Amino acid sequence: MLTAVWAALWVAVAVVVISLPRWLPARVVALRGWVFTRINGEESIAVPGDLVGVDRFREVYSHPAASGRSEGAVLSDLFWYWLSPGPEMHQEHLEAGERYDAVALATRRILSLPRARVEELTRGCVGRALEGRHGVVRLRDLIMPAWAEFSYELVFGEPCPPHARELIVGNADDVVTALKCCGLRHMDRRDRLTAYLVESLPRVRHELPAGLTARERALYLQGAFFNTAVVQMSEATAHVLMALARHPDVQARARAGDDRYLDQVIAETLRLYPLFGIAHRVTTDDIRVGEGVVIPAGSVLCFDYPAFHRAGFPEPERFDPRRFAPGHAPARELNHIPFGMPANRPCPAWRLAPLALRVAVREVLRAYELDSTAAHTRSLPNRGPCLLTPHDAGGPAGARHGPGRRLTLLSMRLKDGWEDVWRSLVQLVLGTYMVWDARRLRLCERHFSGDARPQGT
Ligand code: HEM
């Protein structure tokens, strides 16, 4: 009798343990959300939500009073913490005014490259990053050195030396890892890049914003070009390649087809996996929404990209690039704003980024067949595990699709599932710590109250 009870107990424990990858990560994500809200406070208004529906999402996001960027939102302390050093110089977090205008102008100048040059530069940078690579890779790690070189060349107008590439990747990887709560900040890596940029300022080939100190200029470049640009382009490329790796039919068509189809794949990827989860704004005046609803000045609006991008699409969870094919409604009429709202500080790279992304994806497709059995989620904390099989790999095509490949893909799925269990626990602990630490440091609040401490500390 006792033996039977023990046996049942062991079976029950085994079932719970084996099923962990199925249910634990989602529960931990929900718990993390709850902890974040408890520590941060429930100050924000979700859009779309009870107060503002999907139908008024664009109207409210574009409203001139939905323009405050940092001051007055508890949430800003967290973003400033993640983006240190120099969040007060990051274009994304500057309040409107002279300084913002000067910085935004400099960014536009640096990004205004002829199309042919963007394509040529991307081809060169991606080609070097792919040299000698095959087998199982993490797509984000694979491609980040390419975008580090790309950004360097945009800013300095000359090829990126290897030590600069390492500094840039060290900085960008540290920021994005902390943002996803997969690791803590390493301020030494970030500070090394700042020091390098300060001493390299005389070599910058563009006019930099007037009225800034050398350190402020370096921090501006670091924020926009060696953090945001590198992180966003690496994440976007990893997402598109993951989508192709997980949808072989779409991959085959994209490889054979022209750029119009690839553009549809990119649009659908950024619909389903928008790089911004939430963009927040602090209202500078009352906003009247329809009859009788007023959002008071000083409110924190959280624009929820994934929710907006799913509303109004049939079977919104399904990956289907044909939604953007000719004959359907034009993208501007859909709930699709991967680069933000044109009227309210959209992404300054909205023209350059899709061009460069298309060339990067084309280069990878030209060289490899892609397969992945790993999870593809919006925040992509697994950095996109993927099997790269070179087209020119020896042996008949059948051998490339034989038992070895199937085994690799099976082990990828199992490994990814178990990593997810461990990672979600790590994210819970480190995320809670960082939210607490950001509240303790109050970098944004102190900046605006004139009680700033040395950045990043
Ligand atoms: C596929 C790649 C990219 C996507 C999907 C993307 C997306 C976005 C989005 C949605 C916003 C607006 C967020 C908001 O409303 O607060 C934004 C802002 C911004 N992005 Fe991008 N981005 C990408 C690449 C880049 C690149 C290459 C740069 C290079 C400098 C860049 C620099 C910025 C900056 C500086 C802002 C803040 C704009 C402002 O407040 O004036 N982004 N991006």
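Helices (H or I, at least four residues) and strands (E, at least two) are DSSP runs, numbered from the N terminus. Residues are numbered from 1 along each chain as its sequence is written. The model is a predicted one, in which local features need pLDDT of at least 70 and side-chain atom pairs count only at pLDDT 80 or more, while totals for chains, interfaces and linings use all residues.

Let us begin with a loop. Between helix 8 (162–179) and helix 9 (187–200) runs the loop that holds Cys-181. The phi of Cys-181 is near 60°, a positive value in a residue other than glycine. Is Cys-181 buried or exposed? Cys-181 is buried, because 24 other C-beta atoms lie within 10 Å; a residue is called buried if 20 or more other C-beta atoms lie within 10 Å of its own, exposed if 12 or fewer, and partly exposed in between, with C-beta atoms placed from the backbone.

Arg-383 also has a positive phi, of about 65°, although it is not a glycine. You will find Arg-383 in the loop between strand 7 and strand 8 (385–390). Arg-383 counts as buried because it has 23 C-beta neighbours inside 10 Å.

Strand 7 (residues 368–371) is also where Tyr-368 sits. Tyr-368 has 23 C-beta neighbours inside 10 Å, so it counts as buried. Leaving aside residues up to four places away in sequence, Tyr-368 touches Leu-388, Thr-389, Pro-390 and His-391; two residues are in contact if their C-beta atoms, placed from the backbone, lie within 7 Å. Val-204 is 164 residues from Tyr-368 along the chain, and the C-alpha atoms of the two are separated by 36 Å.

Three strands form an open sheet with mixed pairing, in the order 1-6-3; two strands pair if DSSP finds at least two bridges between them. Strand 1 (44–47) and strand 3 (278–282) are the edge strands, each pairing on one side only. From one strand to the next, the twist averages 25°, where axes are lines fitted to C-alpha atoms, for helices over the stretch in contact, and angles run from 0 to 180 degrees between N-to-C directions. Five bridges join strand 3 and strand 6 (residues 300–304) in the antiparallel sense. Ile-278 has Asp-304 in strand 6 as its bridge partner.

Two cis peptide bonds are worth a look. One joins Val-47 and Pro-48, with omega about 0°, and Pro-48 lies in the loop between strand 1 and helix 3 (57–62). Another runs from Ser-84 to Pro-85, with omega near 0°, and Pro-85 belongs to the loop between helix 4 (74–83) and helix 5.

Which residues of helix 5 are buried? They are Val-103, Ala-106, Thr-107, Ile-110 and Leu-111. These residues lie on the same side of helix 5 because they cover an arc of only 130° around the axis, the arc being that of the directions from the helix axis to the C-beta atoms. An α-helix has 3.6 residues a turn, so residues three or four places apart point the same way. What covers the buried residues of helix 5 includes helix 7 (139–156), helix 10 (214–246) and helix 14 (352–367). The face turned away from the buried side of helix 5 carries the exposed residues Glu-98, Asp-101, Arg-108 and Arg-109.
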